[in-house]
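Please examine the sequence and the structure shown below. The paragraphs that follow lead from the whole chain to its sheet and then to its nonpolar cores.

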Amino acid sequence: MSHNDQPAQLEFCSANPILKYTQDDLSQRGVFGTLFCTNFRVTFISDEKPQEKTDKTFKNKLYGENDIPLMCVDHIYGVYDEKRKLITGGLVKNKYPSKMIIHCKDLRVFQFSLTFSKEEDAKKIFQGIAHHCLEEKSLKCVFAFSYMGTPSPGTDLSFCRAFFFFFFFFRMINAVAHNHLYSVKTEDLSESLPNIQDIQQSYNKFKQFFLIENSTDFWLSDVKWFSSLESSGWLDIIRQCLQKAVEVVECLEKDNTNVLITEEEGTDLCCVISSLAQIMLDPYYRTLMGFQSLVQKEWVAGCHAFLDRCNHLHQKDKEYHSPVFLLFLECVWQLVHQHSPAFQFSETYLTVLSDSVHVPVFSTFLFNSSHHRESVMKAESPLAQSGPLSCPTVWDWSVQFDSKAQNFFFNPLYLEKVKHDRAVRKPHKPKHQRNLSLPSTAFKTPPKKGFFKDETDSLKKMLRVKRLSRWRGSPDAPAATTREFFESWQHRPLDYHGLLLPCLDGPAVHIWMQRYLRWIPEVYILGGGSVAVMTKLMELLSQVQDLKRVLEQRDSSQAAKLDHRPYFQHRLLSFDSSGRLSSSFPFAYTCYRSFKPIIPTGLMQSLMVTDSLASQEDEASSVVSFV
């Protein structure tokens with residue numbers, strides 16, 4: 001079966017009529033249609049014809065705006081006698097609710113009324129969705145195994161974890177022997193950064209402010225929004241990770257000292273810090289292909305436990321759940337936001353990548369390691385004797401988007417490095433790279449991870465390593481020296497293809513607005529936001545390019561010089577009519593509703609009373625800022 005041909009989905013249950021509520025207010029308005037649950041998604045098909053035919057430029061081939069991949073469902077709530085209850089397995093067996101609310105991992109919110117359907121149909125659709133979205137399941141039940149293609153050459157790795165470890169272990173020893181790296185510094189990330197449970201709890205608090213069910217909820221949360229976001233701790237964790245990556249970069253770049261990073265399992269925060277350090281040091285990883293290769297080698301081949309951390313199988317044990325990869329993307333977004341011309345890819349690319357983690361089609365984010373992937377694929381393949389089956393990787397973007405939509409992945413402000421036509425293209429050789437991440441000895445690693453504690457301790461003793469924090473002196477020393485390192489870098493000539501460091505002051509750490517606010521109509525800016533700024537900048541860039549061509553035509557000698565200067569590579573994106581766009585573009589077009597904020601009358605009075613106090617609170621404690 002070709003990956004371009006989508007397999008038929010298996011329908012589990014359906015119900016009609018179902019009322020899908022609008023999100024704008026509490027008036028219980030909406031549209032009627034049919035609600036389906038298949039082995040891939042929950043989908044709602046309206047009975048009404050669209051009032052306006054919309055030809056969306058940015059459209060996902062796999063699922064639409066009324067589709068929810070089963071793996072993307074975060075929580076389901078049922079409304080019983082006007083009281084909302086979190087749905088668990090025990091509640092499903094009894095009566096069904098009058099209203100079902102679905103919170104998605106991409107922060108969409110869906111609300112369905114079940115009161116208009118036949119009792120039996122309503123019960124089946126509710127139980128079916130709850131069962132297939134929330135109950136524990138085996139990996140072979142994931143839709144990706146229905147999406148598999150035929151065996152392809154070169155998919156076998158003969159690749160095992162023990163060999164992987166020992167290969168890099170001796171590689172590091174040889175590096176020590178040849179380069180006399182006895183001044184290696186070590187940093188146990190388990191001690192200096194929040195653990196995966198802290199990361200999970202912080203993100204759970206943070207995301208609640210963006211899961212908006214109606215306008216009243218939005219305006220109520222708006223009263224103390226900034227201070228509430230800060231209290232979640234999520235932005236501070238992002239800052240801590242960037243800070244730690246800068247410390248590692250300083251050792252590598254300024255002090256020419258190698259750094260050995262460790263943690264409990266060696267495949268979570270080690271991946272975050274190592275990847276961020278390489279992005280700051282190497283411009284190759286700021287290109288689209290370079291960034292994808294970085295994720296592939298540091299996260300996928302580096303054995304990050306995507307299956308456990310993302311809880312794709314809805315396991316009840318929450319000890320291993322944590323949005324570590326999302327944390328990494330958040331940190332990358334901060335760098336893209338602060339240094340846009342240095343990155344070939346756009347924030348839209350990062351947002352789509354964060355969504356794709358929860359699409360049950362791609363093998364990239366579906367397994368705990370490469371060995372796990374190969375073992376499962378081979379075991380599940382009916383053609384095991386001729387090789388394992390293969391799933392598409394997330395990097396095959398044609399599975400989700402056509403070529404026009406993929407243009408949105410590229411940053412039109414990217415300052416591309418000059419390429420000489422006669423230069424021979426050489427394979428990329430990074431100046432700094434992660435040779436190996438080791439687990440710390442402070443915790444007992446689960447046997448399934450297969451790490452070697454004794455070898456880790458022996459390597460540390462042999463290298464006579466010093467902790468990064470001790471080497472730097474007092475507890476406040478890292479922050480002070482890092483600030484000096486940052487300020488020294490700031491005084492250098494601007495070079496987007498050289499070292500890149502983030503500003504870590506409070507106001508410099510922003511909210512990833514596109515990802516978190518794209519589904520909230522109350523914050524849409526009609527004809528404004530980043531899309532308006534980008535459109536204007538692209539117009540100016542186009543004028544600059546036209547002027548450059550005129551100069552080249554007038555003076556051929558001058559043209560030869562201009563050809564060797566950096567230039568902004570931009571792609572002309574089809575934005576349709578600018579009057580239809582909002583700040584949520586390209587993820588949401590303007591709907592058939594007003595963009596004027598409508599505050600319920602009763603709520604308006606309470607807001608006016610508390611506004612003064614809330615504004616004082618936010619001004620005193622806020623570290624969040626917007627562009």
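A residue is called buried if its relative accessible area is under 20%, exposed if over 50%, and partly exposed in between (1.4 Å probe, protein chains only). By this definition, 52% of the 627 residues in the chain are buried. The model is predicted: local features need pLDDT of at least 70, side-chain atom pairs count only at pLDDT 80 or more, and totals for chains, interfaces and linings use all residues. Residues are numbered from 1 along each chain as its sequence is written, and side-chain values use heavy atoms, with hydrogens and water left out.

The chain contains 22 helices and 14 strands; these are DSSP runs numbered from the N terminus, helices being H or I of at least four residues and strands E of at least two. Eight strands form an open sheet in the order S4-S3-S2-S1-S8-S7-S5-S6, with antiparallel pairing, where two strands pair if DSSP finds at least two bridges between them. Because strand S4 (67-69) and strand S6 (83-86) stand at the edges with a single partner strand each, one side of each has no neighbour in the sheet. Within the sheet, strand S1 (residues 11-21) and strand S8 (residues 109-113) are joined by two bridges in the antiparallel sense. Lys20 has Phe112 in S8 as its bridge partner.

A nonpolar core is a set of buried Ala, Val, Leu, Ile, Met, Phe, Trp, Tyr and Cys residues joined through side-chain atoms within 4.5 Å. The largest has 105 residues, of which Leu276, Phe291 and Phe328 touch the most other members. Another core, of 27 residues, lies apart from it and includes Phe44, Leu70, Val73 and Met100.
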